Amino acid sequence: MQYYDEIKEYIEGQGVAGREQIQQLFPDADLAELLPAMEENADVLLTRKRKYASLAQMDYVKGQLEIKRGGFGFVRDEKNGDVFIGASQLGGAFDGEMVLAKIVKTGGRNREGKVVRALSALPYRVTGTFEKSAKAAFVVCDNGTTPDVYIPRQGGNGAKNGQKVLLSITKRAIGSQAPEGKIEEVLGYPGQPGVDILSVARGFGLYAGFPEAVQKEADALGETVLKEDLKGRELLYDKRIFTIDGEHSKDFDDAVSIERAQNGNAILGVHIADVSHYVRKGTALDKEALARGTSVYLLDRVVPMLPEQLSNGLCSLNEGVVRLALSCFMEITPEGRVVSHRIGKTAIKSCHRLTYGQVNRMLEENDQELIAQYSDIIEDLRQMQELAQNMRALRFQKGSIDFEVGEAEIELNKAGKPVRIALREHRTAERLIEEFMVTCNNTVAEIFAQAELPFIYRIHETPDEERIRELSIFLSNFGYRLPAGEKLRSKTVQTVLEKSKGTSAENIINRVTLRSLKKARYSTENAGHFGLASGAYSHFTSPIRRYPDLAAHRVITDYIEGTMDYQRLEQLEKELVQISKHSSERERNAIDAERQVDAMKKAEYMQQFIGKSFDAVVSGVANTAIFVELENTVEGVIPLSEIRSDYFVYFKELYCVLGERTKKRINLGDKVKVKAKSADVEHARVEFSLVSFPREERKEKSTEQKQKAGRKRNGRRNQNRRHQ
């Protein structure tokens with residue numbers, strides 16, 4: 001609505017304003033429509049004197065409610081600090097909902113409140129277990145934060161006792177009355193193949209199927225590129241263009257090519273599927289893609305952003321078929337520096353579908369059989385390998401941070417049971433494609449930042465002072481220092497990570513440093529990318545599975561075709577703000593769902609190892625427990641109360657716990673021996689017991705320092721001999 005944001009900002013600045021006062025300042029505004037809408041959205045409050053006040057003026061806060069398993073919750077307020085909400089003050093609101101809360105107690109940033117209104121509309125969907133007795137039926141919710149929900153007789157939808165269900169809550173709790181709902185979908189019995197992952201998917205609002213209108217639009221697009229689609233495009237059928245992806249990948253949205261320029265530089269081509277040609281703005285396809293925001297990968301299944309006809313078919317750069325693309329050509333020096341670039345609308349025909357494994361066997365193991373099979377592109381691959389290595393070295397020289405954090409690869413059998421968990425390999429081929437995509441995303445973002453046109457950026461802001469202070473304290477426990485009183489630079493972080501490589505603390509330093517940084521997000525404001533040491537960064541290379549990439553493609557196409565008039569620019573600015581915010585939220589939802597599935601399957605995998613001992617690293621410390629991680633990335637908890645030998649006290653700033661009697665100390669990053677005690681699949685929790693305490697860190701550090709000093713002395717002796 002026109003003037004909505006301006007009036008809201010004015011009232012926030014004034015504190016309180018009358019209707020006539022607002023009308024005088026905004027004479028063209030339709031206050032009869034605007035002011036009731038602002039009240040309904042809880043952006044302003046109407047006072048007893050019929051004036052309009054800001055939330056802060058009236059001691060209210062609006063935000064997302066996060067409920068903990070203990071029953072209490074917090075209203076998230078980044079600006080002024082979160083507001084604590086007691087279990088009896090939730091007002092019938094559920095976890096994740098937007099609420100309006102009244103502040104009832106203040107103490108600096110420590111504020112308490114009560115929910116006066118849930119702003120999210122019902123139904124509220126949650127998964128759980130159906131339980132029926134002779135007297136009543138209820139659903140026990142999986143999330144641990146929603147109370148048991150009463151199911152009237154007509155709302156059971158044929159569910160049987162003990163089955164997992166998707167529940168729609170249609171009535172909030174009032175006083176002592178339970179919330180009420182109906183069964184929307186019966187998922188199956190626990191233990192049946194796939195029911196566990198399906199329950200997680202539904203709990204996060206994820207559905208693989210598409211509405212009928214969306215499916216019809218996808219079907220109508222056909223399976224092949226039409227002649228009229230090729231108008232105004234460069235036809236690149238004669239170029240050696242190929243894809244490199246995972247073994248089980250089916251959607252190929254990026255392909256690469258390389259040529260040698262006369263001056264010795266490389267012309268790297270990154271060719272991205274032109275999804276925007278088919279998914280037109282405002283269509284049912286587009287609206288559904290925006291609503292989903294991203295594809296979600298849940299081990300043995302994908303919840304795609306686009307229907308299969310597009311994601312695996314018409315928009316996928318499949319081998320040997322004509323496909324539409326946006327191609328970014330970058331001229332790159334042998335040292336890895338991009339010196340020129342251009343983007344064009346193209347049509348390509350991929351000559352090969354390669355896997356990471358195949359490329360690794362050719363480039364790392366010199367597999368002669370594969371080299372003969374791909375003799376037409378083997379030299380291209382070798383050039384790409386050398387170029388990517390130089391590009392990567394240059395990027396890290398500029399300060400880009402390389403987090404070597406182990407990522408789990410979980411293998412399931414046909415019954416959906418985990419049979420293997422190991423660290424995912426990240427070798428030559430994976431790094432090669434990563435480097436080319438990062439450089440391409442960088443290049444595209446810089447074009448639009450310099451042109452000062454509306455665009456959607458992937459930003460990663462500098463961490464705040466408190467996070468830097470905590471990180472500095474943590475690193476000091478390992479003998480590393482961050483410069484005091486200076487703005488943190490990514491180069492400084494990278495230097496610390498480089499120094500820790502090869503030490504026992506390397507993995508935990510990587511993890512804690514990563515947690516200390518802000519989360520990357522989408523924005524129309526170019527704030528740069530701290531982790532990549534980049535002044536401008538975007539997501540352009542995955543439009544099949546990420547909506548921001550698709551939105552970027554539309555802007556790029558308008559730019560190429562010269563259709564960026566003033567009206568379009570104004571419209572774009574507003575659209576991209578909403579897309580950025582929504583896409584960041586959907587990305588977070590996808591990440592949480594993927595992590596939940598991984599954690600659940602890790603717990604299921606560990607059930608076979610109860611009573612077995614493992615080497616582990618202390619990955620977290622808290623006032624009630626320590627957390628440990630095995631080499632295969634399985635993480636679990638050791639409650640401090642279960643360590644019988646002593647009473648342990650938590651020291652937050654030292655990242656350790658200390659025994660009161662024995663003075664034994666357990667630090668973050670320590671190596672310990674543990675025994676698997678229990679594995680709860682439903683709550684994705686693995687519990688260990690401590691078998692042996694770590695060696696004292698100072699002894700290990702002292703030995704390392706002595707060895708280092710010895711190497712230095714030997715180095716000086718050798719140097720002196722050479723000079724003599």
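In what order do the 3 strands of the open sheet lie? The order is β1-β3-β2, and the pairing is antiparallel. The edge strands are β1, residues 16-17, and β2, residues 45-46, each of which pairs on one side only. Please bear in mind that what we see is a predicted model.

Let me stay with β2 for a moment. Strand β3, residues 52-53, runs antiparallel to β2, and 2 bridges join them. Within this pairing, Leu-46 stands opposite Tyr-52 in β3.

I now turn to strand β9, which covers residues 124-132. Which strands does β9 pair with? One of them is β12, residues 164-171, paired with β9 in the antiparallel sense over 6 bridges. Here Val-126 has Leu-167 of β12 opposite. Another is β10, residues 137-141, which is antiparallel to β9 and joined to β9 by 5 bridges. In that pairing, Thr-129 has Val-140 of β10 as its bridge partner. Between β9 and β10 there are 4 residues, and the two strands form a hairpin.

Finally, I come to confidence. The average pLDDT of the protein is 91, and 95% of the residues score at least 70. Where does pLDDT stay under 50? One such stretch is residues 696-706, for which the model has 8 contacts beyond four places in sequence.

Thank you for your attention.

Conventions
Residues numbered from 1 in each chain as written. Predicted model: local features only at pLDDT ≥ 70, side-chain atom pairs only at ≥ 80, totals over all residues. Heavy atoms only, no water. Pairing = 2+ DSSP bridges. pLDDT = per-residue confidence, 0-100. Contact = heavy atoms within 4.5 Å.
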